[in-house]
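The following exercises concern a single protein chain. Each task is followed by a solution in steps.

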Amino acid sequence: MELWPCLAAALLLLLLLVQLSRAAEFYAKVALYCALCFAMSVMASPVCLLRHGGRTVENMSIISWFLRSFKYFYGLRFKVRDQHRLQEARPCVIVSNHQSILDMMGLMEVLPKRCVQIAKRELLFLGPVGLIMYLGGVVFINRQRSSTAMSVMANLGERMVRENLKVWIYPEGTRNDNGDLLPFKKGAFYLAVQAQVPIVPVVYSSFSSFYNTKKKLFTSGTVTVQVLEAIPTSGLTVADVPALVDTCHRAMRTTFLHISKTPQENGATAGPGVQPAQ
């Protein structure tokens, strides 16, 4: 009878060691990812400066080449569907779901030519990482000053038409790993309507089967990337923005739930329901 407490204690100790091992592996892989981003920035910055002489969207092809190699360190695969919808030679606003720090790898897998990203201004001050983002033409937004952000977006609308640029935006506004899409903010849609350019939704399947911060899970895996049909904005006005947001959110959410492998952690079902826009 005295053997059972010893066996139970040994089993609990074993489970604890397994959990600690998983957590250690998770943090080690996250640290490696950050180190790779830092090293890539240090190596790519002089290449961008030598090739193009300074800040230009053309540098994104160089940055993309470096970042696409990251997936081999983690055993990640990206299955891209209908990528041709991103390749049309026209300005557009690209919107996609935002899950984790790994999103940058997924973005670079499908990044079309002459495409800039919107990012929060704080990222500009991340040393070499901020520098390479600046050289790649990333547009930085000060989210604490809405008037300044609106001015930047208005100028960007004129510029994307004039320079034939595509603009990539995460309309959820923050990382989200709850197994569903957050409500969309309206900035990307006002931009598309202002410039009268189409919106191209890009949906990434859930990362939760291989990357989960709560469970400290970080293994190899496969991400499905679905490029949806463009949503036209020609003739629309700002009064049409709420309906445009709902249409896009509905299409992206339905696709996300369909291509994701795991059940939704917040109890959502694979239906066409729409979250209210913000």
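**Exercise 1.** Determine whether F70 counts as buried or exposed.

*Solution.* Step 1: the relative accessibility of F70 is 3%. Step 2: buried means under 20% relative accessible area, exposed over 50%, and partly exposed in between (1.4 Å probe, protein chains only). Step 3: F70 therefore counts as buried.

The model is predicted: local features need pLDDT of at least 70, side-chain atom pairs count only at pLDDT 80 or more, and totals for chains, interfaces and linings use all residues. Residues are numbered from 1 along each chain as its sequence is written, and side-chain values use heavy atoms, with hydrogens and water left out.

**Exercise 2.** Classify the aromatic pair of Y33 and F70, and state which parts it ties together.

*Solution.* Step 1: rings of Phe, Tyr and Trp (its six-membered ring) pair if their centres lie within 6.5 Å; planes under 30 degrees apart count as stacked, over 60 as edge-to-face and the rest as tilted. Step 2: the structure holds 10 aromatic pairs. In the pair of Y33 and F70, the centres are 6.0 Å apart and the planes lie at 85 degrees, an edge-to-face arrangement. Step 3: Y33 belongs to helix α1 (residues 3-52) and F70 to helix α3 (residues 70-74), so the pair ties together parts 37 residues apart in sequence. Helices (H or I, at least four residues) and strands (E, at least two) are DSSP runs, numbered from the N terminus. Step 4: Y33, at 4% relative accessibility, also counts as buried.

**Exercise 3.** Which residues form one aromatic cluster, and which charged end sits over the ring of F26?

*Solution.* Step 1: the cluster consists of F26, Y27, Y33, F70, Y74, Y211 and F218. Step 2: a charge sits over a ring if NZ of Lys or CZ of Arg is within 6 Å of the ring centre and within 35 degrees of the ring normal. Step 3: the charged end of K216 sits over the ring of F26, 5.8 Å from its centre.

**Exercise 4.** Describe the surroundings of Q194.

*Solution.* Step 1: Q194 is found in helix α7 (residues 187-195). Step 2: with a relative accessible area of 39%, Q194 is partly exposed. Step 3: contact means heavy atoms within 4.5 Å. Leaving aside neighbours within four places in sequence, Q194 is in contact with M153, A154, G157 and E158. Step 4: the C-alpha atoms of Q194 and G157 are separated by 6.5 Å, although these residues are 37 residues apart along the chain.
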